[in-house]
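This report walks through selected strands, residues and cavities of one protein model. Have the sequence and the structure open as you read.

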Amino acid sequence: MRRALTAAALSVICLSSSLATAHSASEVDFLDLSLEQLLMVDISVSSRSSVSLLNAPSVVSVFTAADFRRMGARDLRDVLRRVPGFELGIRSFGYAEFGMRGVITDNSEKVLILLDGLPVNEHLEGSGTIVFADLPLDNIERIEVMRGPGSALYGTNAFVGVISLISRSPGRESLSVTARGGSFGHAEGSVRASGSRGGFRYSGFLHALRSDGDGPRIPVDALQIRNDPPWFAPINAPISLAGSDRGRVDWHRDTWIAQAQMAMGNWSFQALALDARKGPYIGTVFAINENSQAHPQQIQAELAYSWQLTERWTLQPRLHWRRYIADNLWNSFPEGYRIPDSGGGDITYIHGQFDRQGATQQTRGIELKSTAAPRPGHTLVAGVAYEDQLLYDVVNQTNVPGYGPERMVDAGPILLGEPRRSLFTAYVQHQWQALPQLGITSGLRLDRYNDAGTSLTPRFAAVWNASEQLTLKALYGEGFRAPTFAESYLFAYGGFARGNAANTPETIRTSELVAIYRLGQRLLWQGNVYRSRISDLLQLVPTDAGYLEYRNQVDTTVIDGLESELTLHLGERSNAYLNISHERSRNEATGQPLLGMARWRANAGLDFAFSERLNTSINARWLGRRSRAPGDARAPLSSEFALDLALGYAVSPRLDLTFAAHNLLDAEVRFPDISSNIPGDFPMEGRALSVSLVWQH
């Protein structure tokens, strides 16, 4: 385990509870607020307008920059682990999986990620985690996580939850430098500057990271156990790297980010460029390799104007543009890989078998949003939008046997044509303070795709402040997830795996009851129960014609869940918290549960200030057992326990030092491989130590 120096990010164990970690301004520490004040902070993710956390028409967890620093968070994943109902996984070729409320998939396409209000999920597979799962937090002011469907506000991908990342605002004169280093050759640094000249406000942010990543060993991979194509275990098992000193996962990262924000008068502009080179973890076909690299890039920009027509009416037009480029080189099989030929012999890939896959996606859109308060107690948010989505420069190549990646040839089409999609959207939401103690929110959104049909998604919420201590919420929301380009236009392996242009969006309907109870100034509890009904799931299934095709399924899956969160104020700048979540799912036709996530999970922790300069944050996280698929003879994946510790010290008013230990006890943490191609499942990161320095002026 190697160490290096690092800067910034120490964060309160931010009350993983949606209520206890909230804060509206990064300069203010939520531990300085009383529990009542915490409930009154403003959030925006639940309504696209400002509303207090207590009266929000949804269930929301909020984390601020002060939280990030206290908990020693390195990136977005470290923060989300504390959210009730959330679970972190890993895909076989290196991308993080985000699971919420019992649902986790390879592409995390059922969770929407926003950066400063702009959706960042790509269109080929629907994922927002390829680029943003390990986003550094040095320029993030606040993270708001809405649990439950959000399509009535945000459209596709807002299926089981929305993660809203809010950057630090430009304007205030400041300069900050962060350096961080730690285990696995991890080294990163960032610089952020902001200021104003007359009416012009600006900020700029630069970040660079390099890390080898943890490299746990894999004892057995698919090359040793799969006799079918493309593995051919009887002839390829001897060349497998699994079980040897070279048989380790590849989690390397080499990333840079540049971000700029500018504002003048009512105009604002923001832009981001990100380039990430990542290891393939285990590999695209579950075979350990050493020479792969995923290379996603993303560039995006937005120009917006805020037009105050009257004291009670604001119009906000905006233009946005995004380009996502994937250029991935996969070392699918190691040196010496062989495939049988038609003559009874075999073909040998002396240097290994390589595949290059890539594509460019471009998104252009325009939106006009109106926010009005026509009468006291009424807020109306409405808007229309149009978006053009294009996928082009699709690459699918393989190497010539006897050569390495220096000699690649076309491997045939992987998508039909160059898919292009247009989307028209209209939405309206009404917030009504019907009585001093009762607020009612209703909303409706229409999304019409030129190729995937129309989705109409409603929402309803009633928030009743029954007493000074008790608040009750009744929530109903629907969500959808439109077919991705792959699910509509895939044509891979000579047509063996296909999309289907007739596919329609997946849908979810969630009903929820929430209670928030305050006992004096020390105790805060929130509990909620919900039921979700998921229909029209898109899955790759065998057909009578002998090929695989993405098709909507006619059956329905029901998820029943509960989340309970407790916060205890122990004294000045000290809190303890506990949250527990549980889901039970079943397919109404087969009786089988959804796979991947644990039924039970819990977080418990303590944020304690020894003095004004020294504080600590401790978090214990526990995952229950995870079940196997029917026919999988392996025992259920056992429960897991991990402990995180952060210690922060204010060296001076301008310099903060943070030591963090993630998975301090080096517990064995694994994510289930439901395909059983890796019998021992996917090992997650072991103990990781880091040191951060943050200098601010």
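## Strands, residues and cavities

Strand β26 and strand β27 (residues 470-481) pair in the antiparallel sense, over seven bridges. The model is predicted: local features need pLDDT of at least 70, side-chain atom pairs count only at pLDDT 80 or more, and totals for chains, interfaces and linings use all residues. Residues are numbered from 1 along each chain as its sequence is written, and side-chain values use heavy atoms, with hydrogens and water left out.

Strands are DSSP runs of E with at least two residues, helices are runs of H or I with at least four, and both are numbered from the N terminus. Two strands pair if DSSP finds at least two bridges between them.

**The β25, β26 and β27 strands**

A hairpin of four residues joins β26 to β27. Within this pairing, valine 463 has lysine 473 in β27 as its bridge partner. β26 (residues 453-465) is also joined to β25, antiparallel, by 12 bridges. Three residues lie between β25 and β26 in their hairpin. Leucine 444 has proline 458 in β26 as its bridge partner.

Threonine 457 lies in β26. Is this residue buried or exposed? Threonine 457 counts as buried because its relative accessibility is 3%. Buried means under 20% relative accessible area, exposed over 50%, and partly exposed in between, with a 1.4 Å probe and protein chains only. Leaving aside neighbours within four places in sequence, threonine 457 is in contact with Ser151, Ala152, Gly443, Leu444, Arg445, Glu478, Gly479 and Phe480. Contact means heavy atoms within 4.5 Å.

**A four-strand sheet**

An open sheet has the strand order β28-β29-β33-β32, with mixed pairing. β28 (491-492) and β32 (538-542) stand at the edges with a single partner strand each, so one side of each has no neighbour in the sheet. β29 (residues 497-498) and β33 (residues 548-552) pair in the parallel sense over two bridges. Alanine 497 stands opposite leucine 548 in β33.

**Phenylalanine 671**

Phenylalanine 671 lies in strand β40 (residues 670-671). At 4% relative accessibility, phenylalanine 671 counts as buried. Leaving aside neighbours within four places in sequence, its contacts include Leu88, Gly89, Ile90, Arg626 and Phe682.

**Cavities**

How many cavities of 30 Å³ or more does a search of the whole structure find? The search finds 13. A cavity is a set of points, on a 1 Å grid over the protein atoms alone, where a 1.4 Å probe fits but cannot get out; lining residues have an atom within 4 Å of a point. A volume is the space filled by probe spheres set on the points, which are joined across faces, edges and corners.

| Cavity | Volume |
|---|---|
| Largest | about 510 Å³ |

The largest cavity is lined by 34 residues, with Pro119, Tyr154, Thr156, Glu387 and Leu423 nearest its centre. Elements giving two or more residues to this lining include β24 (420-435) and β25 (438-449). The lining of the largest cavity divides into 12 nonpolar, 12 polar and 10 charged residues. Ala, Val, Leu, Ile, Met, Phe, Trp, Tyr, Cys and Pro count as nonpolar, Asp, Glu, Lys and Arg as charged, and the others, Gly among them, as polar.

Of its 30 lining residues, Asp75, Arg77, Trp251, Arg253 and Glu685 are the closest to its centre.

Methods
1 Å grid on protein atoms, 1.4 Å probe; cavity = no way out; pocket = protein on both sides within 12 Å on 5 of 7 lines; lining within 4 Å.
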